[in-house]
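Welcome! Please take a look at the sequence and the 3D structure below, and then read on for a short tour.

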Amino acid sequence: MIEILSNIKLMFFVLFFIILFIIESYYSERTWGTKRFFRLLFHFKLAVINTLIIRIPTIFLIIPALMLMSENNYGLLGMLDLSFLGQAFVGMILLDLAYYWWHRLNHTNSFLWRFHSVHHLDTHLDVTTSLRFHFGELLLSSIYKTILILAIGMPISVFIFYEILLSACNQFHHSNIKLSQNSNKILKRFIVTPEYHANHHTLEKLSRDANYTSILTIWDMIFFTYKDATKEDRKVMGLDDRSKELGIIQNIKHPFNT
Ligand SMILES: [Zn+2]
Ligand SMILES: [Zn+2]
């Protein structure tokens with residue numbers, strides 16, 4: 001069952017990636033200063049390394065936690081008398097809220113920032129950036145996810161459905177797709193749009209240390225972390241270090257440089 005669901009997740013990921021890659025070729029917000037092929041190749045290599053490493057915590061932590069929860073009624077959802085749909089709804093809202101705090105912690109905690117800053121070293125922003133994570137961040141977030149699965153009592157299918165939704169949203173808000181002013185305004189009341197997440201990737205710290213949410217924008221509203229950047233700010237993505245857009249070894253070593 002888990003194997004089938006994981007394959008569905010990968011299938012959706014690849015399909016959605018290709019669709020967004022094509023759309024951003026025709027309706028782009030910013031022009032690329034680096035050849036897109038090199039960006040795709042670099043981020044693809046990073047994704048292959050990450051996929052291999054992440055199998056370890058998936059096999060030894062996440063899957064056993066999900067199996068344990070499917071056999072027992074532990075966790076918060078087990079305590080509430082809810083239908084399956086009710087469980088799915090509450091479970092996904094709680095996960096989204098928890099991921100908001102995880103991302104926020106990745107910016108405020110200096111140890112976590114060492115790893116998360118690899119994502120922010122990108123001096124451009126497009127759908128390939130959604131593949132750009134240091135494996136250290138992914139390993140640490142696997143531990144966090146395992147704790148969440150156990151605390152919430154996540155059913156397997158709901159967890160995988162949320163992960164598919166999250167990766168689709170992640171690809172969409174990193175894309176370089178230009179939306180009309182109106183659609184951006186309406187959409188960002190509910191979910192993170194490409195412009196909304198571009199605010200989070202600015203060199204400008206005020207909007208970078210804000211706009212943390214992954215799917216629902218309500219979390220940034222509730223916790224006062226929604227900060228709109230100016231159009232000028234959104235022209236400069238990344239961090240002060242402009243030398244590590246591409247380069248596998250440089251990016252892997254980055255968290256360990258003091
Ligand atoms: Zn971030
Ligand atoms: Zn991002």
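This is a predicted model: local features need pLDDT of at least 70, side-chain atom pairs count only at pLDDT 80 or more; totals for chains, interfaces and linings use all residues.

A helix here is a DSSP run of H or I with at least four residues, and helices are numbered from the N terminus.

**The zinc site**
- Five protein donors surround the zinc ion (ligand 1): His103 (NE2), His107 (NE2), His116 (NE2), His120 (NE2) and His200 (NE2), at 2.1 to 2.3 Å from the ion.
- Along the sequence, these donor residues follow the spacing H-x3-H-x8-H-x3-H-x79-H.
- Histidine 107 belongs to helix H4 (residues 84–108) and histidine 200 to helix H9 (residues 194–200), so this pair ties together parts that lie 93 residues apart in sequence.
- Histidine 107 counts as buried because its relative accessibility is 9%, under the 20% cut-off.
- Histidine 200 is buried too, with a relative accessible area of 0%.
- The zinc ion (ligand 1) and the zinc ion (ligand 2) are separated by 5.4 Å.

**Helices H4 and H7**
- Two packed helices are described by the angle between their axes and the distance between the axes.
- For H4 and helix H7 (residues 156–174), the angle is about 50° and the axes are 10 Å apart.
- H4 and H7 are therefore oblique to each other, and their crossing is right-handed.
- On the H4 side, the contact is made by Phe84, Ala88, Met92, Leu95, Asp96 and Tyr99. H7 contributes Ser157, Val158, Phe159, Phe161, Tyr162, Glu163 and Leu166.
- Sorted by class, the residues in this contact of H4 with H7 are 10 nonpolar, 1 polar and 2 charged.

**Asparagine 251**
- Helix H12 (residues 248–253) holds asparagine 251.
- Is asparagine 251 buried or exposed? With a relative accessible area of 1%, asparagine 251 is buried.
- Leaving aside neighbours within four places in sequence, the contacts of asparagine 251 are Phe42, Val118, Leu121, Arg132, His134, Lys244, Glu245 and Leu246.

**Arginine 242**
- The C-alpha atoms of arginine 242 and leucine 121 are 7.2 Å apart, although 121 residues separate the two along the chain.

How values were computed:
Residues are numbered from 1 along each chain as its sequence is written. Chains are lettered from A and ligands numbered from 1 in the order in which they are written. Side-chain values use heavy atoms; hydrogens and water are left out. Donors are N, O and S atoms within 2.8 Å of the metal (3.2 Å for Na, K and Ca); water is not among the atoms, so sites may look incomplete. Helices (H or I, at least four residues) and strands (E, at least two) are DSSP runs, numbered from the N terminus. Buried means under 20% relative accessible area, exposed over 50%, partly exposed in between (1.4 Å probe, protein chains only). Axes are lines fitted to C-alpha atoms, for helices over the stretch in contact, and angles run from 0 to 180 degrees between N-to-C directions. Angles under 35 degrees count as roughly parallel, over 145 as roughly antiparallel, 65 to 115 as roughly perpendicular and the rest as oblique. A crossing is left-handed if the near helix is turned anticlockwise from the far one by less than a right angle, and right-handed if clockwise. Contact means heavy atoms within 4.5 Å. Ala, Val, Leu, Ile, Met, Phe, Trp, Tyr, Cys and Pro count as nonpolar, Asp, Glu, Lys and Arg as charged, and the others, Gly among them, as polar.
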